[in-house]
Amino acid sequence: MASGKTHDYHILPPDLVPLTTTIGAFTFTTGMVFMMHPDTFGALGHIVPWAGLALLLAAMFTWFNKIVNEAHAGDHTPVVQLHQRYGMILFIASEVMFFVGWFWAFFDFSLFPSTISKVVGGQWPPKELEAVLDAFDLPLLNTMILLLSGTTVTWAHHSLIHGDRSGLKKGLWLTIILGILFSSLQAFEYAHAPFAFGKNTYGSAFYMATGFHGFHVIVGTIFLAVCLARTYRGDFTPRQHFGFEAAAWYWHFVDVVWLFLFVCIYIWGNWGFAVD
């Protein structure tokens, strides 16, 4: 009888992490429902979502730490790495469909304003708006920042492939700084926007689409910051660096989504704006 592993797959031992992750996600989403109905659930709306979020983050940290340890142990064979890439591709595809929903809502409101004339006054953007954001002011600057960050993360990736650790660190640092700068400028834009969230369909569609993108930028920045910390630990090699590759893919996805947001919502969506 042969001893040792005779296949290229990594068979995971039984673990409670998937269960705790599921419980944390369920508790968090349920708690958010409680938070939206304070008259019914009272203090639970403040306790349950934070407890669920804490459990979810702890489970995710534990899970990702186990994956890193598996990589160090040599469990991530070429076959395992291929399947990890499939998983990341499917995750990004699901994120694409998530944003399709927000684009769908925005186009539905903007292309058929007559069907909701009582809400928007039969025109788009709605008549009640006093002003809209100038696409060629802060939004254009943020577009250039994200496009630049796409080149710096590519520089870091190529540096890693060619064994240039210094270039890898510099590229990651620049990308993280640009990500923080983008988020800061978007927060400034929100603080000075001439319209609020929830007052009309324009504001709701705008903030939901751009706001969720901003959240993804923050997640991507954290993703890259973790990769930077792992770089200083010496985790990545030219042959095995899927963690960094996944972060780079995610960042490029964030870049592409912003280009669509900039063209469709900031430029095209503001055409025809008029103040009576």
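The chain contains 9 helices and 0 strands, in a model that is predicted. Read from one end of the sequence to the other, the pattern is α-α-α-α-α-α-α-α-α. The C-alpha trace spans about 80 × 50 × 30 Å along its principal axes. Of the 276 residues in the chain, 39% are buried. The accessible surface amounts to about 15,600 Å², and carbon and sulfur atoms contribute 72% of this area.

Helix 1 covers residues 17-35 and has 19 residues. The distance from its first C-alpha to its last is 26 Å, close to the 27 Å expected at 1.5 Å a residue. Five positions of this helix are examined next for burial. The buried residues of helix 1 are Val 17, Thr 21, Gly 24, Gly 31 and Phe 34. These residues lie on the same side of helix 1, because they cover an arc of only 150 degrees around the axis. In general, an α-helix has 3.6 residues a turn, so residues three or four places apart point the same way. The packing partners of the buried residues of helix 1 are helix 2 (38-41) and helix 3. Exposed residues Thr 22 and Phe 26 are carried on the face of helix 1 that is turned away from its buried side.

Helix 3, against which the buried residues of helix 1 pack, comprises residues 44-72 and includes Leu 57. Leu 57 also takes part in a nonpolar surface patch, together with Met 60, Trp 63, Phe 64 and Ile 67. The area of this patch is about 450 Å².

The relative accessible area of Asn 142 is 2%. Asn 142 is therefore classed as buried, the cut-off for this class being under 20% relative accessible area. When neighbours within four places in sequence are left aside, the residues in contact with Asn 142 are Leu 181, Phe 182, Leu 185, Gln 186 and Trp 258.

Note on methods. Residues numbered from 1 in each chain as written. Predicted model: local features only at pLDDT ≥ 70, side-chain atom pairs only at ≥ 80, totals over all residues. Heavy atoms only, no water. Patch = residues over 30% accessible without salt bridge, like charges linked within 9 Å, V, L, I, M, F, W, Y side chains within 5 Å. Areas by Shrake-Rupley, 256 points an atom, 1.4 Å probe, with all protein chains shown as cover. Salt bridge = Lys/Arg side-chain N within 4 Å of Asp/Glu carboxyl O. Helix = DSSP H or I, 4+ residues; strand = E, 2+ residues; numbered from the N terminus. Expected span 1.5 Å × (residues − 1). Buried < 20%, exposed > 50% of the residue type's maximum accessible area, 1.4 Å probe, protein only. Arc of directions from axis to C-beta. Contact = heavy atoms within 4.5 Å.
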